[in-house]
Amino acid sequence: MERIKSVLFKDKHQTRLFCAFALVLILMAILVPDKFFTVRNFQSMATQFPELGFLTIAAALVLITGGIDLSVCGTAVLSGIVAARIMDSNGSSEAGLGVVVGAVAAALLVGLCCGVLNAILVARFGIAPMLATLGTYNLYVGLGIVITEGSAISKFPETFLAIGNGKVLGIPVPALLFVLAIAILGWFLSRTKLGYKLFVFGTNSTASYYSGIHNTKVLFTTYVVGGIVCSLAGLIMFSRTNSAKADFGSSYGLQALLVALLGGVGASGGSGKASGLLLSIITLQFISSGFNLLHVSSFMKDLIWGALLVLIMVLNVVDFKKLRRKTKKAAA
Amino acid sequence: MGAPFLEIRNCSINFGGVKALQNVDFSIEAGQAYCLMGENGSGKSTLIKIISGVYTATSGEMILDGKHYTNITPKQAIEAGVQVIYQDFSVFPNLTVAENIAISGIMSGKKKTVDRKKMREVAAEALARINVDLPLDKRVEELPVAGKQLVAIARGIAQDAKLIIMDEPTTALTHKEILALYEIIDNLKKKGIALIFVSHKLEEVMQISERIAILRNGQKVLDDSIENFDVNSVAYYMTGREVPDVPYELVEVPEGTAPILELEGLTMKDKFEDITLSLYPKEVLGITGQLGCGRTELAQALFGIGEYTGTVKLNGEVVEIKTVQDALRLKIGYVPEDRLSEGLFLTRSLSDNLAAASIDDLADGIRLDYKKVEDTGRQWVEDLKIVIGDILDPASSLSGGNQQRIVLAKWLATNPRLLILNCPTVGVDVGSKSQIHEIVKDLARKGIGVIVISDDIGEVMSLCSRVLVMKKGRIVRQTNRTEMTVSQLEDYLTKEE
């Protein structure tokens with residue numbers, strides 16, 4: 001109990017997030033208990049959120065370095081399209097397992113390359129991450145449009161569709177993959193040397209340089225891992241919808257950033273937790289599914305997400321100011 | 001001697017449960033210069049903030065220019081003639097000298113338009129009153145540090161300052177600029193302006209002040225005229241205990257001893273040239289020289305920052321130091337000049353800070369055990385007697401002296417054979433300074449090669465066995481501590497070529 005308490009209340013942000021999560025659950029229990037708390041609803045939610053979840057992980061990693069990655073969605077789309085093209089030209093829906101494995105591997109490789117390009121621009125040329133990744137976002141999406149010639153590629157083999165639509169013991173595969181990824185992220189951030197370096201670099205890159213930490217290496221690893229994670233999102237997206245299109249999920253990129261910030265990743269770098277990301281993405285999914293069940297127009301979804309995100313940011317800033325005033329007084 | 005310009009009676013202020021000031025009396029007359037000393041957290045800045053109206057005292061009263069106040073606002077304080085010049089001078093770098101000096105007049109006036117001609121007149125007059133010549137149309141960011149300070153002083157003068165409070169006025173100045181500042185201060189005094197200096201540096205205090213007040217733990221422990229004051233007792237008053245200032249013992253280097261470090265003809269384009277030196281075991285080598293003489297670049301070159309030509313030998317072996325990682329592998333450590341931006345991760349825990357340079361040794365493959373990081377950190381805190389709350393508190397929670405020891409410990413954790421310290425005691429109070437000196441001496445005794453770069457001639461002469469003087473990128477003089485006195489070395493440094 002003590003432990004749970006300390007986990008929940010040590011970090012104010014996490015506490016607030018948890019309250020929001022609980023509030024949403026209670027609201028659903030009052031308003032639509034018979035429809036919300038069903039296996040079907042949970043299965044459908046668990047299929048929907050992982051793609052944004054993966055993009056959130058990638059966005060969060062770069063945010064922790066003190067940078068920002070606007071190209072996550074571009075990377076996802078481009079890698080997914082490369083996989084789609086490979087399957088399309090090798091038998092389409094009749095393609096064999098070998099082709100699917102090759103396509104998935106190619107997608108991961110594309111994700112890796114996108115990450116490398118981002119890293120080169122940021123770490124080698126010293127371009128501001130926001131500008132570099134805004135450029136590469138357009139580059140990646142543009143490449144996707146060229147490859148698809150602007151139209152959608154569809155009809156994938158069953159084996160590929162299983163990634164986005166399959167279930168193991170009743171649990172959708174994307175959700176399983178996402179939980180696994182969050183667990184790895186949690187371990188990475190709190191139990192590994194590289195996780196430590198990532199945080200330290202994000203807090204003060206000058207001091208980490210003067211401490212003998214290889215800043216360039218840290219940046220490269222982050223962007224490359226981020227790129228691979230994005231390509232997973234791309235595969236899940238296109239597998240779930242059985243269609244690959246270059247303009248798919250174009251609002252995902254910015255949403256991923258917001259979900260990461262909502263999950264407690266600091267915009268100035270050096271802070272963030274895997275548990276916060278999980279909580280924030282699930283809360284948002286609950287809200288959007290809940291509204292669906294309540295027959296609130298789907299046009300409202302973005303509006304409500306946006307309002308919630310802005311609210312949480314405001315709370316964060318207000319809290320911050322109080323803290324600052326206190327430390328100022330203590331220092332004097 | 002008339003009535004005091006400022007008088008504070010029985011002033012106390014509490015922050016939560018902390019008594020930041022207790023029953024402090026203080027008074028200053030027109031044309032007088034006061035030095036206010038005390039360790040970090042002794043209440044100096046609090047007192048200044050009460051005078052300038054930023055804080056309201058919990059009890060006590062203040063009489064400013066004959067008027068009684070119980071809670072003065074910053075605006076009232078400025079109108080009464082109180083001007084505070086902070087360490088960063090609070091100038092607008094993107095505005096011109098004239099704009100900076102005249103800005104308060106512009107901002108507080110009723111007019112919505114700016115009269116450029118009037119502005120220049122105001123600025124020129126203020127500069128004339130302190131006998132300084134600065135280009136009115138130059139942007140302030142293009143001025144050297146000393147110039148920015150002059151702009152800040154002139155801005156105070158333009159607002160009819162009657163009491164100027166300066167926080168650490170000489171920290172960033174070269175010796176020559178300090179001398180120029182003294183002259184201006186003398187001038188201000190003659191014009192009847194009262195001055196309060198907050199300072200850590202004893203020598204300057206003695207030269208410019210008539211009186212000295214020392215605070216400790218929120219109480220005034222000394223208030224006397226400079227003539228009656230014994231320099232050697234400062235440390236005692238500030239810390240409440242005797243602080244030893246024992247010079248580092250001179251060691252005879254036996255004939256044929258192999259040096260730890262040898263440099264031959266080390267050159268970095270436009271930074272330093274043809275540096276040849278050697279460092280023997282049990283020696284502390286001091287390097288001094290004015291800002292921009294190449295001392296920092298030399299230290300950084302040995303730490304893998306910047307490209308150099310020439311040879312570096314470590315324990316007799318020629319080594320290439322191209323990156324910081326090379327330096328780390330060769331067991332060279334560097335405590336940088338600016339601990340806040342280059343040394344510390346202010347928002348991270350102390351244990352994270354302590355582990356930063358030795359993280360590869362602490363980790364087990366790719367795994368890192370934070371428990372081990374914390375335990376190792378606690379050990380260092382104990383070894384160096386660093387005063388902390390909890391090992392998981394952020395580095396920003398510590399005082400300057402303790403922060404500096406954290407940076408030092410970060411490097412000691414790498415088990416270095418050569419440690420370069422760049423201005424290790426800047427902004428550190430007397431007590432911590434002597435503790436840092438003791439740590440450095442101990443390292444040298446253990447056989448770690450130590451190079452100390454410092455502006456503080458007193459420090460160099462007490463801590464180092466040998467001192468090298470750099471000017472314009474070259475070593476111009478090498479001296480043993482016994483060959484020169486502190487003031488001789490100071491004169492040598494400021495002498496024009």
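This is a predicted model: local features need pLDDT of at least 70, side-chain atom pairs count only at pLDDT 80 or more; totals for chains, interfaces and linings use all residues.
How many salt bridges does the rule find across the interface of chain A and chain B?

Okay, the answer: the rule finds 2 salt bridges across the interface of chain A and chain B. One salt bridge I can show you is Lys193(A) with Asp360(B), where the closest N and O atoms are 3.3 Å apart.

Chain A puts 25 residues into the contact, and chain B puts in 34 residues. Between them the two chains bury about 2400 Å², with 59% of it on carbon and sulfur atoms. As for polar contacts, the count between chain A and chain B is 14 residue pairs, both partners at pLDDT 80 or more.

So which helices of chain A supply at least two residues each to the side that touches chain B? Those are α9 (173–191), α10 (193–203), α11 (205–210) and α15 (300–331). The one giving the most is α10(A), with 6 residues. Sorted by class, that side of chain A has 10 nonpolar, 10 polar and 5 charged residues.

Now let's step away from the interface. Over all chains, the count by this rule comes to 31 salt bridges.

First up, Glu79(B) pairs with Lys75(B), closest N and O atoms 3.5 Å apart. Both sit in helix α2 (residues 74–79) of chain B, and because they're 4 residues apart, about one helical turn separates them. Glu79(B) is exposed at 59% relative accessible area, and Lys75(B) is exposed as well, at 60%.

Next, Asp375(B) and Lys371(B), with their closest N and O atoms 3.4 Å apart. These two are also 4 residues apart, in helix α14 (residues 370–383) of chain B, so again that's about one helical turn. Asp375(B) is partly exposed at 36%, while Lys371(B) is exposed at 54%.

And last, Arg466(B) with Glu283(B), closest N and O atoms 2.8 Å apart. This pair links distant parts of the chain, 183 residues apart: Arg466(B) is in strand β19 (residues 466–471), and Glu283(B) is in the loop between β12 (272–279) and β13 (284–288). Buried or exposed, then, for Arg466(B)? Buried, at 11% relative accessible area. Glu283(B) is buried too, at 6%.

That's my tour, thanks!

Definitions and conventions: Residues are numbered from 1 along each chain as its sequence is written. Chains are lettered from A and ligands numbered from 1 in the order in which they are written. Side-chain values use heavy atoms; hydrogens and water are left out. Contact means heavy atoms within 4.5 Å. Buried area is the accessible area (1.4 Å probe) that two parts lose on being put together, summed over both. A salt bridge is a side-chain nitrogen of Lys or Arg within 4 Å of a carboxyl oxygen of Asp or Glu. A polar contact is a pair of N or O atoms within 3.5 Å; within protein, one must be able to donate a hydrogen and the other to accept it, and residues adjacent in sequence count only if both atoms are side-chain atoms. Ala, Val, Leu, Ile, Met, Phe, Trp, Tyr, Cys and Pro count as nonpolar, Asp, Glu, Lys and Arg as charged, and the others, Gly among them, as polar. Buried means under 20% relative accessible area, exposed over 50%, partly exposed in between (1.4 Å probe, protein chains only).
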